[in-house]
Amino acid sequence: MCFEAKRDKSFMTLFSSSIIMITAILSIPLFTLSLSTIDKIVLLSVLLIMVVVLISTVLFIKYEFHDDYLYIKGGLFFRRIRYDIITHVESSNFTTADLLAGYRILSSKDGVVINYKDGIGSIKISPRDKSIFISELKKGFQM
């Protein structure tokens with residue numbers, strides 16, 4: 001079973017502001033310094049790569065249930081969490097500080113926190129149908 005990420009206006013506003021700020025900061029040297037053509041190409045390439053990675057991280061989020069694990073993918077980043085290491089799952093309404101801190105593959109303030117025994121220990125996600133997602137996840141492990 002596969003779930004898409006929920007997207008809300010406040011998160012998309014925060015994300016869009018970040019993209020605009022990064023683009024503006026990296027564009028300043030293009031207009032203020034006398035750079036060679038190679039330098040401009042390198043700077044524009046770095047800018048393009050950063051923007052594409054950031055956009056793909058938010059636009060291409062999915063959460064898939066497999067037999068033994070939950071697969072969480074956001075752009076180039078992914079995480080497999082085995083059901084047997086999940087310790088707790090809870091619904092949450094994230095604050096702006098929550099959106100900026102911690103391990104997260106989400107695009108909404110309305111989400112789920114999954115705690116597990118391995119690695120970082122928790123991840124914040126934002127499946128579209130949160131209650132159905134939580135009930136399906138709880139089928140995969142014993143709470």
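A residue is called buried when its relative accessible area is under 20%, exposed when it is over 50%, and partly exposed in between, as judged with a 1.4 Å probe and protein chains only. The model is predicted, and local features need pLDDT of at least 70, side-chain atom pairs count only at pLDDT 80 or more, and totals for chains, interfaces and linings use all residues. Residues are numbered from 1 along each chain as its sequence is written, and side-chain values use heavy atoms, with hydrogens and water left out.

**Figure 1. Overall view of the protein.**
The protein contains four helices and eight strands, where helices (H or I, at least four residues) and strands (E, at least two) are DSSP runs numbered from the N terminus. Along the sequence these elements follow the pattern β-α-α-β-β-β-β-α-β-β-β-α. The C-alpha trace spans about 60 × 25 × 25 Å along its principal axes. The radius of gyration of the protein is 18 Å, whereas a compact globule of 143 residues would have one near 15 Å; the value is taken over C-alpha atoms, and the globule rule is 2.2 Å times the number of residues to the power 0.38. Of the 143 residues, 36% count as buried. The accessible surface comes to about 8,400 Å², and 62% of it belongs to carbon and sulfur atoms; such areas come from the Shrake-Rupley method with a 1.4 Å probe, and for residues only the protein chains shown count as cover. Among contacts with a separation of 6 or more, 53% are made by residues 24 or more positions apart, a contact being heavy atoms within 4.5 Å.

Four strands in the order 1-2-3-4 form an open sheet with antiparallel pairing; two strands pair if DSSP finds at least two bridges between them. Strand 1 (2-4) and strand 4 (77-82) are the edge strands, each pairing on one side only. From one strand to the next, the twist averages 15 degrees. Helix 2 (residues 37-59) packs on this sheet and touches strand 2 (61-65), strand 3 and strand 4. The direction of helix 2 makes about 45 degrees with that of strand 2; axes are lines fitted to C-alpha atoms, for helices over the stretch in contact, and angles run from 0 to 180 degrees between N-to-C directions. Helix 4 (residues 130-140) also packs on the sheet, touching strand 1, strand 2 and strand 3, with its direction at about 35 degrees to that of strand 2.

**Figure 2. Two hairpins within the sheet.**
Strands of a sheet pair through backbone hydrogen bonds, either parallel or antiparallel. Strand 2 and strand 3 are joined in the antiparallel sense by five bridges, and they form a hairpin with three residues between them. Lysine 62 has lysine 73 as its bridge partner in strand 3. Strand 3 (residues 69-74) and strand 4 also run antiparallel, joined by six bridges. Tyrosine 69 has arginine 82 as its bridge partner in strand 4. The hairpin of strand 3 and strand 4 has two residues between the strands, and glycine 75 takes a positive phi near 65 degrees there.

**Figure 3. The salt bridge between glutamate 4 and arginine 128.**
The whole structure holds seven salt bridges, each a side-chain nitrogen of Lys or Arg within 4 Å of a carboxyl oxygen of Asp or Glu. In the one formed by glutamate 4 and arginine 128, the closest N and O atoms are 3.1 Å apart. Glutamate 4 lies in strand 1 and arginine 128 in the loop between strand 8 (122-125) and helix 4, so the pair ties together parts that are 124 residues apart in sequence. Glutamate 4 is partly exposed at 47% relative accessibility, and arginine 128 is partly exposed at 44%.

Aspartate 110 and lysine 130 meet through their side chains in a salt bridge of 2.4 Å, N to O. This pair links distant parts of the chain, with aspartate 110 in strand 7 (residues 110-116) and lysine 130 in helix 4, 20 residues apart. Aspartate 110 is buried at 18% relative accessibility, as is lysine 130 at 15%. Lysine 139 is exposed at 64%, whereas glutamate 136 is partly exposed at 23%.
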